[in-house]
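Please open the model in your viewer and keep the sequence beside it.

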There are 2 protein chains.
Amino acid sequence: MTATSSDQLDEIYAFAVQLGKDAGSMLMDAARSRFGDAGQSEQAIEEKDSAVDIVTKTDEAVEAFIKNSIAEKYPRHKFLGEESYSRSSSRDYLITDAAPTWCVDPLDGTVNFTHLFPMFCVSIGFIVGGDAVIGVICAPFLNQLFSACRGRGAWLNESLPLPLVRNPVPPLPAQAPSGCVFSCEWGKDRRDTPDGNMHRKVESFVNMAAEIGGRGGQGGMVHGVRSLGSATLDLAYMAMDVAAGIAILQEAGGLITTANPPKNSDTAAIPDVRLGSRLYLAVRPAGPSPTESGRQGQERVVREVWRRVRSLDYARPGA
Amino acid sequence: MTATSSDQLDEIYAFAVQLGKDAGSMLMDAARSRFGDAGQSEQAIEEKDSAVDIVTKTDEAVEAFIKNSIAEKYPRHKFLGEESYSRSSSRDYLITDAAPTWCVDPLDGTVNFTHLFPMFCVSIGFIVGGDAVIGVICAPFLNQLFSACRGRGAWLNESLPLPLVRNPVPPLPAQAPSGCVFSCEWGKDRRDTPDGNMHRKVESFVNMAAEIGGRGGQGGMVHGVRSLGSATLDLAYMAMDVAAGIAILQEAGGLITTANPPKNSDTAAIPDVRLGSRLYLAVRPAGPSPTESGRQGQERVVREVWRRVRSLDYARPGA
């Protein structure tokens, strides 16, 4: 924890949870004011359909609120917001040094937000030495607050311990990915180019969904295919089956690595998640089975997924 | 309303809402007891992975509770449950006569339920003369209760009127389906057969997602592609952008028809939804634009979707 003591961490955790609640309220207020009695002129409707302005304004206002709150309370902490990130040319979040850093996405699930589809949230992470030690996710339209702090566990609505599945955490299915829920996102790249990202993704999705034996042996027969439109809530809900965000999922015992299969995917070391890579592959917390440890089960599932998915090539993160 | 007076309808509506809340609590209790301290033996874990027993037990218990509650309060009403439906050889729910009939799915989103993925719900419809006049949907893990009664409006959590988007309800985008959120479900048929249902669905999904001009002109460039694993909540949330379930969505002004394109899809009459067909195409409530009525906009979107999707052939409903 470098320069952060345990008492300090408790204080920072409580601060982060309150910040998440307040920012969540701001998101709901923004959604309501947009869809409320305020003049729905033709122009407002046009703006709605372009969906850019409302998102930009809400993004900026919520990020500014969070940034200012942190600067006031912890003037020496670094701050990395979505805005800073979008302006960066790097593929990764610039979290390279040991300084305590707040990593904030004021509005994840922007398309959902603009359509009042409830799966949107604010995501607040606190990183020390490159590790996500605190995570808070607030989905105000769903009345759900996920939080976690290293060593303090992961929680839903501050009362239900995550993973919900306990005593013991069940192992991953022997035939995984068969029997698993598979969450994936279509993303914004819709170019109809042969072997483009959209087609590679769909090929991967179909491989995961198809019957065992199908797709030239790549069929994964997952139990269900889900797309929520919020990568943060994908993590939270996958983790629900046993936890939530990277800090939350890790605190609950999940494994997070890259979704792009490495060469020698059957034997390659499974790399730790690179914050900001935006090509995450996450596996829920898992208990041991008679034949393998929980971690071994998770690594097995990672390799089974890598066998079925195509590498994606993004010139810019998030594209 | 045949033999049902307005006062009676108010009473039945209040009864249905309470029934939805109670049934939702039963679903949460079942989920918790399954994932709680009760012995997670290897056998229990196996049963979890097969996912059949828990769903069957919960389905049956919740359906029996609802059925008995209705029989006690309204002994002359008919009852049609998921169980009755699954045993029927017909493609349609057998709602053909004018007798007041309760149509109940005790657990929609069963795969989600077995994985504690929060998008599951109980769905209660009350049908008179073939019309859904009352709808109640309770998603207990999301703290969301949708309700509607003919002439009384549609509501979220009994306090927020649906559609949330009002004053006025915005028209559908001129370039729709571009600009719309597209909710779809992968379903259980994963056979990797050429031109089978899975491949037809995926082809449809890709058409809806691809850039305008792509896919030989079929690209729909929808704003986002969503799969929640609960057709009921798909309806509810789509409708949120402006409502839930067939009764709820209709009460809010939505249009619901068949997802299988008819011949002459550009000119064919747009048929009313057939309850139980399980191939629904629903469009959110829409206000008028300078050039078309809300209904005209909805019909335009139906035809644009029909242009992009393949007909599916299900030997049995729900397969």
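Two strands are said to pair if DSSP finds at least two bridges between them. Strands (E, at least two residues) and helices (H or I, at least four) are DSSP runs, numbered from the N terminus.

The model is predicted: local features need pLDDT of at least 70, side-chain atom pairs count only at pLDDT 80 or more, and totals for chains, interfaces and linings use all residues. Residues are numbered from 1 along each chain as its sequence is written, chains are lettered from A and ligands numbered from 1 in the order in which they are written, and side-chain values use heavy atoms, with hydrogens and water left out.

Begin with chain A, which contains nine helices and eleven strands. Of its 319 residues, 58% are buried (under 20% relative accessible area, with a 1.4 Å probe and protein chains only).

Next, select residues 144-149 of chain B, which form strand E5. Four bridges join E5(B) to E6(B), and the two run antiparallel. Within this pairing, Cys149(B) has Gly153(B) as its bridge partner. Three residues lie between the strands of this hairpin, and Gly151(B) takes a positive phi near 85°.

Now select strand E6, residues 153-156 of chain B.

Finally, select residues 160-162 of chain B, strand E7, which is joined to E6(B) by three bridges in an antiparallel arrangement. Here Ala154(B) has Leu162(B) as its bridge partner. E6(B) and E7(B) form a hairpin with three residues between them, and in the turn Asn157(B) has a positive phi of about 50°.

Key. Buried < 20%, exposed > 50% of the residue type's maximum accessible area, 1.4 Å probe, protein only.
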